[in-house]
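Please examine the sequence and the structure shown here before reading on.

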Amino acid sequence: MIRITRKVEFSAAHFYQNPQFSAEENKRVFGKCSNTHGHGHNYSLEVTIAGEPDPATGMVLDLKELKDILQWEVVDRMDHRHLNYEVPELAGKIPTCENIAAVIWTLLEPKIRKGKLDRVRVYESDDLFADCTAGGDGVRK
Amino acid sequence: MKISLTRRYKFAASHRLHSPDLNEEENQRIYGKCNNPFGHGHNYTLEVTVTGPVDAATGMIANLGDLDPFVEREVIEAFDYKYLNEDVTEFQSLVPTTENVCREIYRRLESFPAARLERVRIEETSKNSFEYDGR
């Protein structure tokens with residue numbers, strides 16, 4: 001089996017606030033991430049597809065096709081957007097990199113026609129990222 | 001669907017690879033310049049990966065407000081700007097190869113209460129990295 005990975009970047013704004021929490025609780029739990037007007041990141045997304053290369057093309061999945069899927073499903077949806085207000089798939093969720101990775105997984109999985117989605121990695125910054133894989137352990141609540 | 005969270009930390013430390021079970025010549029042959037008597041140093045990058053349910057109230061596997069001070073207290077304070085062979089008790093009797101540093105850091109972080117420690121990965125230089133997942 002071969003794994004191929006494509007990387008794209010998008011820039012977006014977000015903040016962390018749980019409407020069930022008081023203002024003090026939001027500040028205590030989320031710190032400066034709770035600032036009401038939000039802040040932004042340059043996100044980096046790495047998407048890995050696993051499979052056997054097609055004998056006719058030598059490719060698991062044409063990277064051009066993957067590039068287009070990432071553009072339509074992720075970049076067009078999230079780039080230069082406010083994740084709390086403008087991405088319906090994140091509505092009602094705190095837009096942490098854990099939740100963003102899970103949403104991207106759900107968006108991409110049905111679109112991959114050759115090979116299988118193996119991993120979605122979302123970097124919020126150089127020193128923080130979340131991975132979403134197909135494993136059964138650590139399932140979302 | 002399984003989700004994990006990885007945080008990267010940095011520490012700078014010196015070490016010397018020298019085993020008391022080997023003679024001088026063997027130490028020199030096996031460890032090469034890493035055996036030089038006064039030690040040498042690296043800028044280490046430590047990746048800590050935790051996994052578990054994403055808390056619906058916070059959207060988080062673990063709050064960095066909990067993870068960062070835990071790693072700071074358990075690892076960074078003990079390792080950063082230190083000579084591992086002398087300043088970290090465990091390496092007074094264990095060669096501080098990055099394999100062993102991985103294991104020791106995993107041991108120190110395993111008790112993180114808010115999520116399950118999945119993996120520790122250390123880049124000793126931009127060319128070398130080591131991982132330990134407790135198995």
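Two strands are said to pair if DSSP finds at least two bridges between them. In this predicted model, A:F129 stands opposite B:T6, a residue of β1(B). The strands concerned are β5(A) and β1 of chain B, residues 2–15, which pair in the antiparallel sense over six bridges.

This pairing leads to the wider meeting of the chains. In total, 30 residues of chain A are in contact with 21 residues of chain B. On the side of chain A that touches chain B, at least two residues each come from α4 (97–108) and β5 (128–133) of chain A. Which element gives the most to that side? It is β5(A), with six residues.

When residues up to four places away in sequence are not counted, A:I104 touches A:L45, A:V74, A:V120 and A:V122.

How far may the coordinates of chain A be trusted? The average pLDDT of chain A is 94, and 96% of its residues score at least 70. Over residues 137–141 of chain A, however, pLDDT stays under 50, although the model has 20 contacts beyond four places in sequence for them. Where pLDDT is low, the predicted coordinates should not be read in detail.

Chain B may now be considered by itself. Chain B contains four helices and five strands, and from the N terminus on its elements follow the order β-α-β-α-β-α-α-β-β. Along the principal axes, its C-alpha atoms fill a box of roughly 60 × 25 × 25 Å. Of the 135 residues of chain B, 32% count as buried. Among contacts in chain B between residues at least 6 apart in sequence, 67% join residues at least 24 apart.

One helix of this chain deserves a separate look. Helix α4 of chain B, residues 98–109, has twelve residues and reaches 16 Å from its first C-alpha to its last, close to the 16 Å expected. Its buried residues are B:T98, B:V101, B:C102, B:E104, B:I105 and B:R108. These buried residues of α4(B) pack against β2 (40–51), α2 (64–79), β4 (116–123) and β5 (129–132) of chain B.

Conventions: Residues are numbered from 1 along each chain as its sequence is written. Chains are lettered from A and ligands numbered from 1 in the order in which they are written. This is a predicted model: local features need pLDDT of at least 70, side-chain atom pairs count only at pLDDT 80 or more; totals for chains, interfaces and linings use all residues. pLDDT is the predictor's confidence in each residue, from 0 to 100. Two residues are in contact if their C-beta atoms, placed from the backbone, lie within 7 Å. The expected span of a helix is 1.5 Å times one less than its number of residues. A residue is buried if 20 or more other C-beta atoms lie within 10 Å of its own, exposed if 12 or fewer, and partly exposed in between; C-beta atoms are placed from the backbone.
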